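Welcome! Take a moment to look over the model shown here, and then we can walk through a few of its features together.

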Amino acid sequence: MRALILLGLVGFAAQLVDGSLGMAYGVTSSTLLLAIGTNAAAASATVHLAEIGTTLASGISHWRFGNVDWKVVAKIGIPGAVGAFVGATFLSSLSTELAAPVMSLILLVLGAYILIRFTAFGLPRGNLDKPLRRRFLVPLGLLGGFVDATGGGGWGPVGTPAILASGRLAPRKVIGSIDASEFLVAIAASVGFFVGIGSENIDFAWVAVLLLGGVIAAPIAAWLVRHIPPRILGSAVGGVIVLTNIRSLLRSDWIKASGGVQAVAYVLIAVIWVAAIVWSVREYRRDRANESVEAVESEVQVRTAAEEETASA
């Protein structure tokens, strides 16, 4: 019972992060499942089955708050589903001994990407309202879907930063559109896992509690995306994912690091993680201060122009 409650809380927290950042539900949930000994294919299958419900709830919530561009959803979601099915069948074909460290390595890379992306760069906002072309979204969807299924997560970490970097869609619409299109990816990946490993290795009680936690969090996250600082949240979540998957890799048969080496690695990562959060908080506050100054200067210019116009009349 304690394990189920923990999984429910993880599902809630992961969806809260995912709905606010446009990424990290699968990465966070899969990281925990691997940490407690679930085999890689079963962990990814469990997460994707839960995501069928959470992404549907999240997509509806984002749509109700006006955060979804349906043209983007169609252009990236369908190729994403194709990539996810291929990735699921590929992961199902790997041995358990090989799949676990492979999946941890993918999750580690994704976690590091999230940490660096949000800490160093924040959210780009140039080129707004320019169209996103199919030749960009289709290969992005194929890659994102494949990585998502093989890594137990990755649709958001691949898709969200790439579209944000284009600067052609408002951040809240990027996040809403990625969350909505992930519904197609989750269905395709789940079908691929059923074809590859069947249902005997999947604990449907775990699926249910992950789903319940995520569904509860979905509307809250859709609201928070308008208010929460993504830069700070991205740094915090990226550090958790990096630390957890470094632990899995150091203990795997690939490395078998000694206790001393593990301790040093954990301390170094923790220091980097704390520094990243502190930096993100500082940069967020500086950006807010600059925005306030710009707003005041703009208001002064408007008033001055109005006064000059009145005087000349």
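## Two packed helices

At what angle do helix α4 and helix α6 pack, and how far apart are their axes? Helix α4 (residues 70–92) meets helix α6 (residues 134–151) at an angle of about 35°, and their axes lie 6 Å apart. Here axes are lines fitted to C-alpha atoms, for helices over the stretch in contact, and angles run from 0 to 180 degrees between N-to-C directions. Helices are DSSP runs (H or I, at least four residues), numbered from the N terminus.

The crossing of α4 and α6 is right-handed, a term used when the near helix is turned clockwise from the far one by less than a right angle. The contact of these two helices involves 15 nonpolar, 6 polar and 2 charged residues. Nonpolar covers Ala, Val, Leu, Ile, Met, Phe, Trp, Tyr, Cys and Pro, charged covers Asp, Glu, Lys and Arg, and the others, Gly among them, count as polar.

## Where the model comes from

This is a predicted model, in which local features need pLDDT of at least 70 and side-chain atom pairs count only at pLDDT 80 or more, while totals for chains, interfaces and linings use all residues. Residues are numbered from 1 along each chain as its sequence is written, and side-chain values use heavy atoms, with hydrogens and water left out.

## Ile 106

Ile 106 sits in helix α5 (residues 96–121). Beyond its neighbours within four places in sequence, Ile 106 is in contact (heavy atoms within 4.5 Å) with Val 147, Thr 150 and Gly 151.
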